[in-house]
Each structure stands twice: as C-alpha cells, then as structure tokens.
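Dear colleague,

My notes on what was found in it follow.

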Amino acid sequence: MIAIDAFSWIFNNSGTFFNAFNRHLLMCVLSLGIAFVIAVPLGFAVARAPRAAFAVVNIAGALRSIPSLAILSAAMPFLGIGLLPSVVALIVLAVPPLLLSTIIGIREIDASVIDAADGMGMSAGQMLWEIELPLAVPSILSGVRTSAIQVIGGAALASFIGGGGLGDFINAGIAIMNMPRLLVGAVPIALLAIFAELAFGALERVFTQRR
C-alpha cells in the first residue's frame, strides 16, 4: 500500500525527513512571528483612524488576492533563493489576515466601554493594555489561525525557490511519479494545518469565554 510505503520511507530516512520537517516548522514560526509583530501593532495604530484603516484594509485585501506561488516567485529576483526569500514571501502571505482581524477586533469594542475608561481617567496606554488588547484577543487569534494555515500550506511551495521543507518531498514525488514520496510531504503538512486550526481555535474559544 502507498501509505505503508510512505511510512517505511520515513522510517528508513528519518534524518532526511526530520531535517525537512524542522525546516518547514522554522519557516512557518519565523514568518508567522514576524508577521504578528508587524501586523498587530499596525492594526492597533490605524483602527481608530478611518482613512488610514480604509487604505490599510484595501492594501491587505489586495495582497490576500495574490496567489502564494506568485508571492514566492516575486521574492526570488530580489532576494535570491533559500530561507530568506521564503520567509519574506510567507510574511507577506501572513500579514493581511492578522492585520484585518486586529482592526476588526478593535472596532468591535463597544464605544461606551472606551468612553467609560476615558471618564475614569485612564491613559491611552492603560486603555490599550487593560481594555482594548484583552477584548481584541479573540479576533486576533482568529487571524493568527488563518495566517498559520496559509503559511503552513504556502511553505510547501517554498521548495520552488530553494526554501526546503516538506514541499521538497511533494516536488520529488511528482517529478518521479512516486506517490509514497509525495505522501511523505503532503500528509505531515495536512496534519500541521489541522493541528494549527484546532489549537488556535481552542485558544480563541477560551479567550472568547473569558471576554
């Protein structure tokens, strides 16, 4: 069976498999972490400014419409091949959902809550850390979940520009028409995406209940 052959290949080539798996995780964690640092503060900064938010939302929407492979290919002429262009391209892929969810999370906060905090004499910093951020966390986590799934899938295409990862097995399997080799890459990617969906979904529900 194909599945048994795939597991047998992993068992016999565990070093190669886990090197690719770790590379895939590294690309995902780096790109998602950097995208979070960029998108969340920017979302907070523009959420209360209608014109700035309008421009940012439209730019983010335009970026979301670009196919993953096109973003990766566009990075290659400027950054070459390897880990750096792959991470940069995945950051571009991860920022829009995070940015949009942060803006939505801030805008969903009841204005009366902000007015009450202002009336109590809270500073802008206090309102940010004690009111806005805690209330926006569920929406931000929703964006993290979406970005994580997109990045995990997009990282499979990074092998086209020398990024490595589990996508190498998929490309090799297609090139030599070896279905077990293809599954060696495809199944772990699917499992990672499912894990991200379940983990961040659970966190989102926890913070929603606390909210």
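Over residues 21–200 the chain is 84% helix and 0% strand, with the end C-alpha atoms 20 Å apart; helices (H or I, at least four residues) and strands (E, at least two) are DSSP runs, numbered from the N terminus. An unreviewed UniProt entry annotates residues 21–200 as "domain: ABC transmembrane type-1".

This is a predicted model, in which local features need pLDDT of at least 70 and side-chain atom pairs count only at pLDDT 80 or more, whereas totals for chains, interfaces and linings use all residues. Residues are numbered from 1 along each chain as its sequence is written, and side-chain values use heavy atoms, leaving out hydrogens and water.

The axes (lines fitted to C-alpha atoms, for helices over the stretch in contact, with angles from 0 to 180 degrees between N-to-C directions) of helix H1 (residues 2–12) and helix H2 (residues 14–47) come within 5 Å and cross at roughly 95°. That makes H1 roughly perpendicular to H2, a term for angles of 65 to 115 degrees. Trp9, Ile10, Phe11 and Asn12 of H1 make the contact with Ser14, Thr16 and Phe17 of H2, where contact means heavy atoms within 4.5 Å.

The lining of the largest pocket includes Leu25, Val29, Ala148 and Phe200. H2, helix H7 (124–155) and helix H9 (179–210) each give two or more residues to this lining, and H9 gives the most, with 5 residues. A pocket here is an open set of points on a 1 Å grid over the protein atoms alone, where a 1.4 Å probe fits, with protein on both sides within 12 Å along at least five of seven lines, and lining residues have an atom within 4 Å of a point.

Best regards

Conventions
Parallel < 35°, antiparallel > 145°, perpendicular 65-115°, else oblique. UniProt positions renumbered as here; feature names shortened; annotations may be inferred.
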